[in-house]
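Biologist: Hi! Could you walk me through this model, one piece at a time?

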Amino acid sequence: MALEYELDMAKRVAQDPDEGSTDDPRLAKRYERWDDMTEEYRQAAARIASFQCLAELIGVMMFNEWVEMAPDFARKQMLLAKIQDEVGHGHVMARVAEDLGVTREQILVDFVEGRTKLLNIFHYGFESWEEIGPSALLQNSAAIVQFSALQKGTYLPYVRALKKIDKEEGFHYHHAWDLAHEIMTTGTAEQRRLAQESFETWVPRLLAYFGPPDNDTYQQNRMYQLGLKVDSNDALRQRWLGRMMPVFEQMGYHIPHDLVHHDTETGTWVFASPDWVEVKRTLTEGGPRYGQYVENVRRSLDRNARYRSAALRVAA
Amino acid sequence: MESGGDATAFEAFARFGGWDKPLQHVGSVRAADPELAWHAAKEAYTRREKCLALWVVPRSCVIMSTGADVTALLAGGRMTYRLPAFPSARRRARREAETAVEAEEATLL
């Protein structure tokens with residue numbers, strides 16, 4: 001019963017009002033690995049799978065640091081489960097990319113050598129345990145909203161991988177909700193202050209995560225035209241705000257009017273625009289933890305190089 | 001059809017929920033040897049479900065259908081005589097035909 005409740009909660013976040021509408025001609029033709037596709041399409045599908053593979057692998061590093069600092073054993077177990085899930089998602093996405101000709105090694109080497117960009121939210125770390133709950137909940141819910149939309153995309157192996165991933169994001173959602181909620185209900189005043197601060201720090205980062213505001217030409221975006229990007233950035237942002245702001249409000253978080261509020265007249269969410277110059281700088285020059293995460297991957301590649309090549313020689 | 005190729009890719013199959021349930025394809029892993037592949041599949045695909053069986057198969061051993069086979073695979077649906085509704089539809093058609101013949105005969109008499 002309890003588990004059903006948890007899953008139901010995560011499902012409500014994922015629920016898409018347009019679900020089932022397949023009248024969009026962009027999304028009508030879907031591809032299997034062996035189908036004839038243009039080289040442009042193949043490369044775009046490989047890029048989206050590689051990009052997500054990297055995001056899954058790097059995205060856990062900020063959590064990984066807290067395993068040894070978790071305040072109790074159950075929290076440590078839950079954190080480990082999440083980390084293992086995310087690394088598993090990285091592997092699942094790597095398989096999709098590999099079948100399109102991009103090796104997992106290439107994905108990591110491209111990152112280490114600075115050829116690929118990392119999602120803005122993964123350039124940071126956590127300064128306190130209290131910061132983790134609200135931040136993880138904002139991250140997970142944004143991922144669920146994003147992935148649910150992408151499941152209507154046109155590359156079927158990627159869609160199937162997302163379905164597996166989405167289910168586990170539901171567990172993470174509940175874990176994060178529980179943590180964000182626990183601090184608000186049983187934490188000290190100082191802990192609540194830190195959690196509130198985390199919420200206000202991470203909302204703009206997540207608003208930026210959905211990408212720049214739609215302009216008049218978003219329908220000319222090739223990923224959009226190919227049906228690998230399904231919804232517009234603004235549509236996803238609005239959907240996410242609509243689902244999550246009430247959840248945070250109910251937990252006792254204060255939502256500053258200037259940061260986000262619902263405009264009852266237009267029925268849309270109004271929010272302070274993220275500092276796009278700063279976001280762009282983070283993406284090109286790297287945020288506070290970027291260098292450290294790159295170094296983690298570089299060390300891991302070096303450390304395992306001998307074993308990897310020996311294993312592959314045996315397999316060949 | 002085509003061979004799966006790719007010697008270090010393994011396809012994973014699992015039985016979830018009960019021994020009477022079929023093994024279903026859950027995804028694939030990459031590993032340098034079959035035992036490592038099994039462990040990788042266990043970690044990636046059987047994390048919370050009630051999993052009762054897990055198989056991994058080297059992709060190179062799998063004969064896989066491709067888009068070109070779909071027409072043949074769907075052919076069953078065109079063979080209406082295999083479907084459960086076929087006998088009753090046939091009975092109805094025969095009865096209608098008999099009634100039509102009888103009616104025609106009646107006009108001839």
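This is a predicted model: local features need pLDDT of at least 70, side-chain atom pairs count only at pLDDT 80 or more; totals for chains, interfaces and linings use all residues.

Biologist: Great. How many residues does H10(A) have?

Modeller: Helix H10 of chain A has 19 residues, 233–251, and spans 27 Å from first C-alpha to last, close to the expected 27 Å. Helices are DSSP runs (H or I, at least four residues) and strands are too (E, at least two), numbered from the N terminus. The expected span is 1.5 Å times one less than the number of residues.

Biologist: Where is the kink in H10(A) centred?

Modeller: On Leu241(A), with a kink of about 25°. The bend there is the angle between axes fitted to the seven residues ending at a residue and the seven starting there.

Biologist: And which elements do the buried residues of H10(A) pack against?

Modeller: Helices H6 and H8 and strands E1 and E2 of chain A. Those buried residues include Trp240(A), Leu241(A) and Phe248(A). Buried means 20 or more other C-beta atoms within 10 Å, exposed 12 or fewer, and partly exposed in between, with C-beta atoms placed from the backbone.

Biologist: Switching topic: at what angle do H2(A) and H4(A) cross?

Modeller: Roughly 160°, with their axes coming within 8 Å. That makes H2(A) roughly antiparallel to H4(A), a term for angles over 145 degrees. Axes here are lines fitted to C-alpha atoms over the stretch in contact, and angles run from 0 to 180 degrees between N-to-C directions.

Biologist: How many residues does each chain give to the contact between A and B?

Modeller: Chain A gives 17 residues and chain B gives 13. The largest share of chain A's side, 7 residues, comes from H4(A). Contact means C-beta atoms, placed from the backbone, within 7 Å.

Biologist: Which residues is Glu32(A) in contact with, leaving aside neighbours within four places in sequence?

Modeller: Leu156(A) and Gly67(B). Glu32(A) sits in the loop between H1 and H2 of chain A, and is partly exposed, with 13 other C-beta atoms within 10 Å.

Biologist: Last one: is Gly114(A) buried or exposed?

Modeller: Exposed, because Gly114(A) has 11 C-beta neighbours inside 10 Å. Its C-alpha is 32 Å from that of Leu241(A).

Note on methods
Residues are numbered from 1 along each chain as its sequence is written. Chains are lettered from A and ligands numbered from 1 in the order in which they are written. Two residues are in contact if their C-beta atoms, placed from the backbone, lie within 7 Å. Angles under 35 degrees count as roughly parallel, over 145 as roughly antiparallel, 65 to 115 as roughly perpendicular and the rest as oblique.
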